[in-house]
Every structure is written in C-alpha cells, then in structure tokens.
Amino acid sequence: MWAQEIVAGRPAWRHVPSGVVFRAVPGGTFRMGLSDAELDAVRAIERADGADDNLESFFAGADRARPVREVRVEPFLIARHPLTVAQVRHWLPEYEDSFAESASNTARLEDDLDALLGALPFRLPSEAEWEYAARAGTTTLTFRGDVRPDEDQVLGDFADEERTAAAENAFGLAAMGSANEICADVWIPHFTDAPADARPRTGDGPRVVRGGGGDLHPWQGCDEWLLLLSTTRDEAQDFTAIRPAAPVPSRQGN
C-alpha cells in the first residue's frame with residue numbers, strides 16, 4: 001500500500017493506489033496558538049504601513065487562537081499538499097470542481113465532502129497536528145518569518161514540480177495556508193481547556209478550517225495575507241480542501 005521514495009530531495013511515503021505523496025512529520029512539542037510575539041509582529045507590520053486596512057478586527061478576534069499552550073505531538077504522516085482534483089477522482093470518479101481550472105488544482109469540496117471522507121482510507125489531521133506541521137519548528141507568523149506574506153506565496157496548482165518543491169517548509173510540506181483545510185476538530189472559538197496532546201476536540205457542529213489565503217485569489221487588498229499565518233483558524237463554511245493524515249507505516253509499508 002505504501003512505497004518509500006525521495007521526492008524533491010526529501011524522503012516521502014507514496015500511497016500506491018492513489019499516488020498521493022505524504023511526508024513523515026517527526027514527533028515533538030511546540031507552543032500552539034497566537035503568541036504575544038506574533039501579535040507584536042502583526043502590529044509592527046501595521047505600523048510600517050504593511051497592512052491594507054485597519055487590523056482592529058484581527059486583534060479583537062485574537063482570542064480565537066489563544067491561550068498559547070505547549071502541545072505534545074506524536075509522529076504522523078500528512079499529505080505533501082492538499083488533495084488535487086485528479087487525486088479526489090481516485091475515490092470519487094464523477095467528482096467535478098467548479099473552482100478548479102485543471103485537474104492539478106487543489107480540490108475544494110462542498111456537497112461531495114462527506115462522500116470523500118467516507119471513501120478515504122486516511123483521517124483528517126487534528127488542528128494541533130496541522131499547526132505543528134505548518135510551523136515546522138518555527139515560532140514566527142509563517143515558517144518564512146515575521147514578515148508579511150505576499151500573494152506569490154499562495155500555491156493552488158501542483159503541476160509545476162519545481163515551484164511546489166520551492167514552496168516546501170522544513171517538513172517538506174507545500175501550500176500550508178493557501179487553501180482552507182478542514183481538520184478533525186469541532187469548532188470551539190478558543191483554546192481554553194484544550195488538551196496538552198494533539199488529539200482533536202470532538203463534538204457536534206462545524207469543524208475547524210485552517211488557512212485560506214488562496215480562496216480569495218486574486219487578492220483585493222483586504223489583508224488576505226492574514227489567512228496564510230500558521231495560527232489562522234475559523235469554522236468550516238461552504239467549501240473546504242482536504243490534506244489527509246495517516247499513521248507512519250511500518251518498514252514493510254503496511
């Protein structure tokens with residue numbers, strides 16, 4: 001079912017039936033949530049006229065990604081990038097995507113979401129796993145640092161292998177934050193009493209989505225760059241992308 005390969009110079013696991021490439025994310029601990037230092041970095045961008053508008057609403061909603069806490073994460077696999085239209089069609093052959101210009105684009109699921117989740121042999125990442133994977137060992141606004149992300153960092157088409165490889169973070173993951181990716185957690189508008197490990201928070205209601213900088217492309221100057229931050233979170237509405245996760249296979253590839 002699994003084959004070990006080198007993809008863009010890094011070890012990878014390929015799910016043989018579908019061809020989806022996964023990266024093995026090492027276990028560890030990290031500080032999850034929007035830190036004071038990151039809030040200060042956003043304020044610095046605003047003071048330097050790097051924001052398109054007043055960021056009062058961003059700061060008013062900062063508690064949605066707080067309080068910051070230390071989280072322990074076990075090793076896991078996560079897809080190198082969100083599932084594309086072509087990859088979704090491995091499980092849903094009749095899938096059509098009105099948002100996509102080609103089969104190599106990120107698939108955005110609406111009515112087909114439950115059908116895909118039921119067909120996938122994988123699970124959704126918890127949002128702790130997602131943020132850990134997005135940060136890839138960093139403590140800054142994005143893995144690139146505390147600078148304002150720009151529109152060139154949005155990636156939603158994976159036909160160009162060179163561009164995909166250039167967009168990877170230290171864990172070998174591309175396009176973290178480009179699409180709003182659904183997580184296993186139910187939406188709770190804060191991290192109060194969240195677990196100290198990476199288990200998803202369960203319950204009734206909409207799930208959490210992370211990212212979404214490419215869902216508003218081309219940008220209209222409404223501070224869409226905030227959607228590329230490692231901590232940006234919201235409740236699922238309308239369409240969503242899928243970046244599946246899985247246990248690390250045994251050496252036998254099972």
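Entry 1: I started with helix H5, where Glu127, Ala128, Glu129, Trp130, Glu131, Tyr132, Ala133, Ala134 and Arg135 are buried. For me, buried means under 20% relative accessible area, exposed means over 50%, and partly exposed is in between, with a 1.4 Å probe and protein chains only. Nine of the nine residues of H5 (residues 127-135) are buried, so this helix is largely enclosed by the rest of the structure. Just after H5, I found Ala136 with a positive phi of about 50 degrees.

**Entry 2: ground rules.** I am reading a predicted model, in which local features need pLDDT of at least 70 and side-chain atom pairs count only at pLDDT 80 or more, while totals for chains, interfaces and linings use all residues. Residues are numbered from 1 along each chain as its sequence is written, and side-chain values use heavy atoms, with hydrogens and water left out.

**Entry 3: the whole chain.** I noted six helices and ten strands in the chain; these are DSSP runs numbered from the N terminus, with helices (H or I) of at least four residues and strands (E) of at least two. The radius of gyration is 17 Å, close to the 18 Å that the globule rule gives for 254 residues, so the chain is as compact as a globular protein of that length. That radius is taken over C-alpha atoms, and the rule is 2.2 Å times the number of residues to the power 0.38. Of the 254 residues, 52% count as buried.

**Entry 4: the sheet.** I traced five strands in an open sheet, in the order S1-S2-S3-S6-S10, with antiparallel pairing. Strands S1 (2-7) and S10 (245-246) stand at the edges, each with a single partner strand, so one side of each is left without a neighbour in the sheet. Two strands pair if DSSP finds at least two bridges between them. Four bridges join S3 (residues 21-25) to the antiparallel S6 (residues 76-79), and the bridge partner of Phe22 in S6 is Ala79.

**Entry 5: one serine.** Where does Ser178 lie? I found Ser178 in the loop between helix H6 (161-166) and strand S7 (181-186). At 2% relative accessibility, Ser178 counts as buried. Leaving out residues up to four places away in sequence, Ser178 touches Arg108, Gln153, Val154, Leu155, Gly212, Gly213, Gly214, Asp215 and Leu228. Contact here means heavy atoms within 4.5 Å.
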